[in-house]
Amino acid sequence: MAETARQSFDPLATGSRSRQLRARTIVYALLGFFALLYLSPLLIILMNSYRPLAEIVREGFISGPETMSWRYWGEAWGSFCLGGSCEGVSRYFYNTLVMTVPATILSTAFGVVNGYVLSKWRFRHDTWVFGLITLGVFLPAQMTLLPWAFVLGKIGLSNSLAGLVLVHTVQGISFTTLFCRNYFVAVPDDLIKAARIDGAGFWRIFRRIMLPLSPPILIVCVIWQFTGIWNEFLYGAVLTSGANQPITSAIVAFSGSGTGERHYNVEAAAVIFAALPPLFIYLIGGKYFVRGLTSGAVK
Amino acid sequence: MQPLLGARLSRWTPQLVLVPTLAAAFVYVVVFSVWTLWISVSQSTLLPNMAYGGFGEYAALWQSKRWIVSYQNLFLFGALYVLGSLFVGTLLAILIDQRVRFESVWRTIFLYPLAISFIVTGTVWRWIFHPQTGVERALSDMGWLSANVDWITDRDMALYVVVFTGIWHASGFAMALILAGLRSVDGDLIKAAQIDGASMPRIYRCVVLPTIWPIFVAVTVVLLQFAIKTYDLVVALTQGGPGVATTVPAIVVYDLMFERGQIAQGAAAAVMILAALAIVLVPYVVWTSWRDRKQGAAHG
């Protein structure tokens, strides 16, 4: 593979010894500098979720904790008052979870089957069908806000999580179909042809041949959809309100509630709750996350 | 009769399976777009009124100071955000390409911002840039009393804070794609340049980077798309302020549609966002399909 082709080439092992050492130092120093820059927001937010408010107000955000307490995590999760109710962000966390999981599963399931049809059961004008579906990837949300609000109102799903599940499923199918179709194109057609000669039908080939080959692209779809839907803000802000809002809206409401004292430590903990699930998914599936990026962007 | 019908149905299974998706995509892409387009030329105000009203809302939009500022902001933000992310991404990719130890750790660190929402990103950086709580405070506590880092509340500097935060979020993405590109460059090419006595920086500048230019185009297109759609990041970071200093088109759309009750003008603004996307994407799609066809012809 490409990796082995580069084996023989190690730029840091060229030149004299002192030159090698200098080059190596520069490389690691730069990497270290950027790593610090990238990690600092995470460290700062973590630190401040443990510090008492008085200490934050006295010393600012960028300062080590003198006294630490887990209390603010509990407050942020269960008892902090936000938008009239005192349930913390737990309610909005559940909202997002209830919206994200079904939308992820549905859009991935549709995407796999669509990708299978569009790559292995070609028909007349199928590229137009594929083109129409993938246009959904690029369509800006602003073009669909008013129609969605109208449609969800008509079918009785306005201000509901079910409505958001519908919106994210429809939008998500564009992505998953694109991913899966481009992945399945690489499966040799002869495999399908042989199975058809043996009398296997559409679903049998799907179950016996395509599904066993799919796990890598399934993981890509799930990771991509889960993080994308979990982190989404605009649809949630426009199509839901109050107790039905997802966690991203709750975080914005937190900083918007300008009355009285800002509880930075509780806010910091709430922000961590909002960031944790996609971060966790990213850390366990990082390789597939990158693969999703490359296949989504370059193809 | 039954098996015959079954056989006929099964012949159409592939197309039938696509029907729900096709219907949804048609409604979502075509009907919704036409709908919004129509609203933009209708007489709608607070509520939709589908009677034709002409292109007056477009004219009004382009005469509003706020919209013009937001479009200018989009150009400046988009350009700096894309160039900055490409620059930092290329630098990081080259550094990681030097067969460093713990490669996957570095990559994980540089890419993790992409997994975090713009809302969280904006919220955290707002605190860091806030004069009373963030960097300025920390610097003055350390003894640098005249430290002046109140960019986020400064009309002339706030947009650069948005650019910086955007680069922090997206440069890992550029790095991942460029690194994949660097790894695909033929090793013999580099060895040949080395034998010719070229230095490392020169090899990258003159041999490696030019061969992966299609990747730079792809990353640019994706990032421009992000830039045009930018909304959440600005909402969480500056809410478009101070004043209108960091207002972007997507914020104007939201305001017109849902705060000011001018949905026709809001729809017109949304159409302008679509137009901006089309200006970026249509040439790219034409170019890639042309390139694919050329490659296909070369192979066949």
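View 1. Chain A is divided into domain 1 (13–79) and domain 2 (90–298), with bounds that come from an automatic or database domain assignment. The centres of domain 1 and domain 2 of chain A, taken over C-alpha atoms, are 32 Å apart. This is a predicted model, in which local features need pLDDT of at least 70 and side-chain atom pairs count only at pLDDT 80 or more, while totals for chains, interfaces and linings use all residues. Residues are numbered from 1 along each chain as its sequence is written, and chains are lettered from A and ligands numbered from 1 in the order in which they are written.

**View 2. Where the domains of chain A meet.** Contact (C-beta atoms, placed from the backbone, within 7 Å) joins 14 residues of domain 1 of chain A to eleven residues of domain 2 of chain A. On the domain 1 side, α4(A) gives the largest share, six residues. That side divides into nine nonpolar, three polar and two charged residues; nonpolar covers Ala, Val, Leu, Ile, Met, Phe, Trp, Tyr, Cys and Pro, charged covers Asp, Glu, Lys and Arg, and the others, Gly among them, are polar.

**View 3. The helices of chain A.** Chain A has 15 helices and zero strands, taken as DSSP runs (helices H or I, at least four residues; strands E, at least two) numbered from the N terminus.

**View 4. The contact between chains A and B.** Chain B gives 78 residues to the contact and chain A gives 71. Helix α2 (residues 13–40) of chain B supplies the largest share of the chain B side, 17 residues. The chain B side comprises 55 nonpolar, 15 polar and eight charged residues.

Key
Two residues are in contact if their C-beta atoms, placed from the backbone, lie within 7 Å.
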